[in-house]
Structure formats: C-alpha cells, structure tokens
Amino acid sequence: MKTLLILGAGTAGTIMASTLRNKLPKGEWTIALVDRAPDHYYQPGYLFMPFGIYTENDVRRPMTRTVPRGIDYREADVDRVDAAANRVFLPDGTEIPYDVLIIATGVHPAPEQVEGMVNGDWRKNVHEFYTFEGAKALTERLKSWQGGRLVVHICEMPIKCPVAPLEFTFLADAWLQEKGLREKTEIVYVTPMSGAFTKPVASGILTRLLDEKRISVVHDFAIARVDAEKKAIVSWDEKEVPYDLLVTVPPNMGAEMIDRSGLGDELNYVPTDKHTLQCKAHANIFVIGDATDCPTSKAGSVAHFEAEVLTENILHFIAGQPLRSRFDGHANCFIESGHGKAFLLDFNYDQEPVTGTFPLPALGPMRLLAESRLNHLGKMAFRWVYWNILLPGWPIPLVGHKMSLRGKNIPPKELKAAA
Amino acid sequence: MPTKILAGTPVDTDDEGYLVNRSQWNKDVAAALAAEEGITLTDGHWRVLDFIDADFKERSVVPGMRRLNKVGNIPTKDLYALFPDGPIKKAARISGYPKPVSCV
C-alpha cells in the first residue's frame, strides 16, 4: 500500500481528500489526513457573524461530518515534515511515512507580529474577524457600540480574502444605519496599499463606493505599532490614526510547522510552482490553497480551482508523467456591499477584474464588478454550495478552473497586449 | 516610453519613473535616481540596494519588507529612516528594478 498524506483539513485539504479518494484505487492507496482542529469552519461566514447575519452554528461543523469516507483521519498537530526522509512527525513522536504529500495548512492571523497589538486592549477595542474566536468577540463588542471612531485596517499584504476588509466596512456602514448609529460613527479605512484594492479597474470602482458611503481612506499606511494608551495605530513614519474600535487584519503567516520543516519563505509560505502546484524544493510534495506563495488571492475559490488542477497533476505524477495541468490563478470573489447587494470579481494571474457578465456572456445572470441583489443572493447561496458541493469535491456547473474571457469587458489596450 | 538622461546616460523608464532596462543602470544612475527622491546615497543605503540586487538576481522579484528584515537583516525602522515614505518602492526604483507588485 502507498500513502498519500494531506496536512490540513480546511477547504483545500478536504476537497483534495474527496476528489482523490474517488480517483485513487482503494486497494493501492491509503489517503491520510491530519488536522489539529475538531471542527471545520466555513470561513467566509466569519464576516457575517458580527452583524448577526450568521450564527456560530451556521459556520461550524464537526470534522466527522466534513471528512470524506475512506480517509484515514487523525486529529493531531504536526511537528514537522522531514522531506528528505518522506516522513511527517507528530508532536508525540508518531511518524507518518508518505509517498506523496499535500500541504494544505493555510495561513492564520499573527497579531503578535505587530508591536503592541496583543495588549490589554486586544479583543476589547482591538479586534480581528479572521478566526472564529475573533468573530465571536467582535460580535459581542458591537452589541455595546454607541458610536465613535471605527477604524478598519489591513496590516500588510498578502492577506487571505483581500476583499473581506472592504466588505466588513460596507456591512458595518449598512448595519450602523439600521441601528441609527451611523451619524454617531466615523468610519476610516486604513490600508498599506496605494488604493482600495490592488487591481486598477476594481480599485477605481471601490474607491468611488467608499466615497459615496462617506468612508474616509488612509492609504500607504505601514503600521509600526499599536499604542493602546493613546488608542491609536502608528506608522513607521510616525503618522497616527486614532480609534475607538480598531478592526484590524493582522499579518497572515503560514503554519509554524512549515518553518520548523525548513520549507517556507519569510512568511512561512511554501515556494510553489504557480502553474503545476508542485513544491519547488521537493518533487513529491504539492501545495494548495493559502499555504502556497502563488501570486493570486488567498481564497476558497482559488483553493477550489487549484484542486481540479492538482488532482490531475497528482495522477500524472503517480503515473510518472509530466504535470500537464496548469493553474491560471483563477479567483472568483463576491464582495458584499451592504443593504442586500454585492459585487462579483472574476480574475486570474494575467487578467485583472473588469466589468461584464458571469458565467455566460450577455446572459449572465450575474454582473461583474457591478452592484446587484443577485450577486448578494449568490454569496448567500454559496454557504449551501460549500458544504454540499464544494467539500465533497463535486464540480460547480459552468465555472471551471480556467478563467473565461467570455462576457468580460476588457479594455482594448489590454486585449492588444494579451494578443 | 519616456527616455531621459541620468548622470549623462540615456535611460528608458516607465510612466512612474522605474527603469525598463536594467542594463542601463549603474551606480551614478542610482545616485541620480536617489537625488530625484531627495536622497543622498550613503553606505547604509547601499547595504539595502545591494541586498535588493542580490535577492532579485536570485528570485526575480523585489524583496518585501519581511524579507529585508529576516534575510537581509535590515530593520523596518532603518528602512524608513533611509528611504522615507515607502522604502521598498523607492529602494526598488533607485536599484533600477521594477515597482514591487503588491499581491492580490
């Protein structure tokens, strides 16, 4: 028997376990899956918890329900990978030998990387919403909000789901209006980037939206520390932004296990071939989802598209063939804009998000880079799709891993450049 | 594509003033690019520029802040003192490398 070992049972790891269990003969291959958490979380749902749209139970299921059948699952931390010996060590000394390894250990917020962030004010007036605990604490904090200065802040790029801080800002604006607190609340959006988003067309549209909603933007802000006494964030060039409530996105680091194994870069991301998803340093290690250093969004949709490519490439690898399937960086993101509406972005390594229709040209029915109620309904329906279609490894109709240019309004200059 | 004369050498730049062709770069061009930013290059600056150069040759990307800290052993505070208001962008431009891409 050979062993394919997957580290991490989040979105990427679970999809890989599901698809590979259907592809690899049971008599020849054991598929082992290791994760330290007893529950699987629907991470896009964290955004909605503080505003009472989702409850804790909407976003959490026990692993017993999400790990597919026929998988050798262990709830355990990982101490390290010994890539030279094709072995993974658990903290209790258990060794798991593997023939093929998939690293799907994701990223996590690392607030301790910013001086003064984890201090007396942490989870009181300084919050994050990228963990279940964080979203819960912020939900409680908002219940007692009476107005003041709400600062939504990104520490540094890259971060998981780079549109989430904007969505949080738009949802907060709408929620404050409903509660009659918007006039008593000043909302400030602070980013290390030069604009609201990394890509020019989307950045322009989103900047206008922030402006319409009377949200002020502080850009090019590189945080040096949180000054809890002054209740201000301070940049390296000594600019200060005061807050009453700070909702920050801490630096996103890969798993410490990656560092202990000597497999990562300075952020513990694994250097990965961005097309084949093979680890650059070891041929029988593959990397998927947020754990890679691929220059596309760290997002569930990316993990899903990568899973199609990686499944094919692992089958090629096992058969001793060249890795023929290539990932194009495809990401597909809904952006909640408040009041029951949302935007939709569809892009890849080469094509920035533009306007148009999705998934079909002209027919849509969803509109790209434009606000609509249907986009919002799509986002809300996605939770069901996640649990029932995505994790079990079924394909989503009409939406493949290769981004389609059809239906996209691409500026003529760029089309020429692409041709 | 704008062409301009820096330190007596014609160089091609993009619209934001980053060199398009690194073979047109030399230490005098670096000094001229630094002067445009109001910076006079010292040994401290060169330590940063040399690291970016070596790292770019190895990995084909301009290193980010954390890489400069961890691998280059240059603290963020020093970088801001040397290249105020956006050290990576400025240091990349003075080194003759492209504008760093912020990730998606």
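Trainee: How many residues does the contact take from chain B and from chain A?
Mentor: The contact takes 13 residues from chain B and 13 residues from chain A. Two residues are in contact if their C-beta atoms, placed from the backbone, lie within 7 Å. Bear in mind that this is a predicted model, where local features need pLDDT of at least 70, side-chain atom pairs count only at pLDDT 80 or more, and totals for chains, interfaces and linings use all residues. Residues are numbered from 1 along each chain as its sequence is written, while chains are lettered from A and ligands numbered from 1 in the order in which they are written.

Trainee: Which elements give two or more residues to the side of chain B that touches chain A?
Mentor: Those are helix H3 (65-70) and helix H4 (76-82) of chain B. Helices (H or I, at least four residues) and strands (E, at least two) are DSSP runs, numbered from the N terminus.

Trainee: And what is that side of chain B by class?
Mentor: The side of chain B that touches chain A has five nonpolar, three polar and five charged residues. Here Ala, Val, Leu, Ile, Met, Phe, Trp, Tyr, Cys and Pro count as nonpolar, Asp, Glu, Lys and Arg as charged, and the others, Gly among them, as polar.

Trainee: What pattern does chain B follow along the sequence?
Mentor: Chain B reads β-β-α-α-α-α-α, with five helices and two strands. Its radius of gyration is 13 Å, close to the 13 Å that the globule rule gives for 104 residues, so chain B is as compact as a globular protein of that length. That radius is taken over C-alpha atoms, and the rule is 2.2 Å times the number of residues to the power 0.38.

Trainee: OK, over to chain A. What order does the open sheet of five strands have?
Mentor: The order is S11-S18-S12-S13-S14 (chain A), with parallel pairing. Two strands pair if DSSP finds at least two bridges between them. S11 (126-127) and S14 (216-218) of chain A stand at the edges with a single partner strand each, so one side of each has no neighbour in the sheet.

Trainee: Where does Val126(A) find its bridge partner?
Mentor: In S18(A), where the partner is Leu246(A). Two bridges join S11(A) to S18 (residues 245-249) of chain A.

Trainee: Which way do S15 and S16 of chain A run, parallel or antiparallel?
Mentor: Antiparallel, with four bridges joining S15 (residues 223-227) to S16 (residues 232-235) of chain A. Val226(A) stands opposite Ile233(A) in S16(A). The hairpin has four residues between the strands, and Lys231(A) takes a positive phi near 55°.

Trainee: What does S16(A) do with S17(A)?
Mentor: They form a hairpin with four residues between them, and Glu238(A) in the turn has a positive phi of about 65°. S16(A) and S17 (residues 240-242) of chain A pair in the antiparallel sense over three bridges.

Trainee: Last one: which residues of H6(A) are buried?
Mentor: Ala202(A), Leu206(A) and Leu209(A) are. Buried means 20 or more other C-beta atoms within 10 Å of a residue's own, exposed means 12 or fewer, and partly exposed is in between, with C-beta atoms placed from the backbone.
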